Amino acid sequence: MSSGGGDGKPGVTFSVIPETLESPYKDLFPAFENKGLVRAEPGGFVCHQNFAENCHKIYNMKVRTDDVWIRTFPRSGTTWTSELAWLIMNNCDFEGAAKVGLPIRSPNLDANYINHWDKFAAEGSFDKMDIITIDQIEKMPSPRVLKCHLPFYLLPPNLLDTAKVIYVARNPKDAIVSLFYFHKLVNLCTYTGDLEQFVDFFLENKVLWTPYFGTVLDAWGKRSHPNLLILFYEDMKKDIRAQIKRISTFLNKPVTEDQIEKLVDHVRVDKFAKNESVNYAKEIKAGVGKEDPTNTFVRKGQTGDWKNHFSPEVNRKIDAWIEKNLEGTGLKFVTELKDQ
């Protein structure tokens, strides 16, 4: 059932990004307490020092043959896809899903390390949050549905040859906007500046989880592997039924037409946003996020919302960045949808 694991470490070196220690960055990202962020080389992955100190725990995890790993760049359908995958793997047990928070049923491996959660939780509330350690994840019963925002080189080396992996890609324009609002919502990585400056930091790979294309193209280059399914957020918006069928087929877990309709209804954005099993309401109330009805963990979920945020100048800058990074890759993104 399991293989791999050990006491090895990823073949990377973490170094502090100097600009993140200086103004204006340190003033705009006060949650990092003037300690900045670090970058892993080779690869360039940007993270908190807490992740750098604990990354070996994830790298050495024992991968099981019946595992399902969801991989995404943040704000690209992670919660959406992991809820669908968990339900499909568990015979559409909606009742069971309602009783246990998704962070426990389908934990995010790197979420614990984007900062020090205990520093942000209200007094006496930390132990009440749906936080699960790597040691606890190792003891979870099979089949596990796990998720993360990490590139392959920071994950167990035998992952793709052992388990099923689903990678979800979202067009970078909407991913940037959604990640901006995430930084406004979550105290663990609070950002106090405007969107235009956030875009600059993002394109310069000075934001948590960047570089965007490092993670996406890492998966895209392995798209022919039989254990890897690549989904696009925009395809899920356009025809969620078809994507549910693809997930079901990939996982060898058949679903009936009735179950598909129930799944479609379950993940409707309006219902999903109110579902306390998936919307991190408990963690936000505990102090790691801001209780703001205009900015919730599950937002609009729209393709093309970037048009309401980017100036023509910013949009041209992003277009040039996308074109440069996609040249010769064969990868294309849909950035607008008429019906969704």
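Contact means heavy atoms within 4.5 Å, and helices (H or I, at least four residues) and strands (E, at least two) are DSSP runs numbered from the N terminus. The model shown in these views is predicted, so that local features need pLDDT of at least 70 and side-chain atom pairs count only at pLDDT 80 or more, while totals for chains, interfaces and linings use all residues. Residues are numbered from 1 along each chain as its sequence is written, and side-chain values use heavy atoms, with hydrogens and water left out.

View 1. The chain holds 16 helices and nine strands. Of its 340 residues, 58% are buried, where buried means under 20% relative accessible area, exposed over 50% and partly exposed in between, with a 1.4 Å probe and protein chains only. Among contacts between residues at least 6 apart in sequence, 78% join residues at least 24 apart.

**View 2. Helix α12 and the elements around its buried residues.** Within α12, which spans residues 240-250, the buried residues are I240, Q243, I244, I247, S248 and F250. Seen down the helix axis, the buried residues of α12 fall within an arc of 165°, so they line one face of the helix; the arc is that of the directions from the helix axis to the C-beta atoms. An α-helix has 3.6 residues a turn, so residues three or four places apart point the same way. The buried residues of α12 pack against α3 (78-89), β8 (164-169), β9 (228-232), α11 (233-238) and α13 (257-266). Just after α12, N252 takes a positive phi of about 55°.

View 3. A search of the whole structure finds 23 aromatic pairs; rings of Phe, Tyr and Trp (its six-membered ring) pair if their centres lie within 6.5 Å, and planes under 30 degrees apart count as stacked, over 60 as edge-to-face and the rest as tilted. The rings of F73 and Y212 have centres 5.2 Å apart and planes at 70°, so this pair is edge-to-face. F73 lies in the loop between β6 (68-72) and α3, and Y212 in helix α10 (residues 212-220), so that the pair links distant parts of the chain, 139 residues apart. F73 is buried, with a relative accessible area of 1%, and Y212 is buried, with a relative accessible area of 1%. The rings of W220 and F232 have centres 6.3 Å apart and planes at 65°, so they too are edge-to-face. Because W220 lies in helix α10 and F232 in strand β9, the pair ties together parts that are 12 residues apart in sequence. W220 is buried at a relative accessible area of 16%, and F232 is buried at 17%.

**View 4. Arginines over aromatic rings.** A charge sits over a ring if NZ of Lys or CZ of Arg is within 6 Å of the ring centre and within 35 degrees of the ring normal. R105 lies over the face of W86, at 4.5 Å from the ring centre, and the charged end of R170 sits over the ring of Y233, 4.1 Å from its centre.

**View 5. The open sheet of β2, β3 and β4.** Three strands form this open sheet in the order β2-β3-β4, with antiparallel pairing; two strands pair if DSSP finds at least two bridges between them. β2 (13-16) and β4 (46-47) stand at the edges, each with a single partner strand, so one side of each is left without a neighbour in the sheet. β2 pairs with β3 (residues 38-41) in the antiparallel sense over four bridges, and the bridge partner of F14 in β3 is A40.
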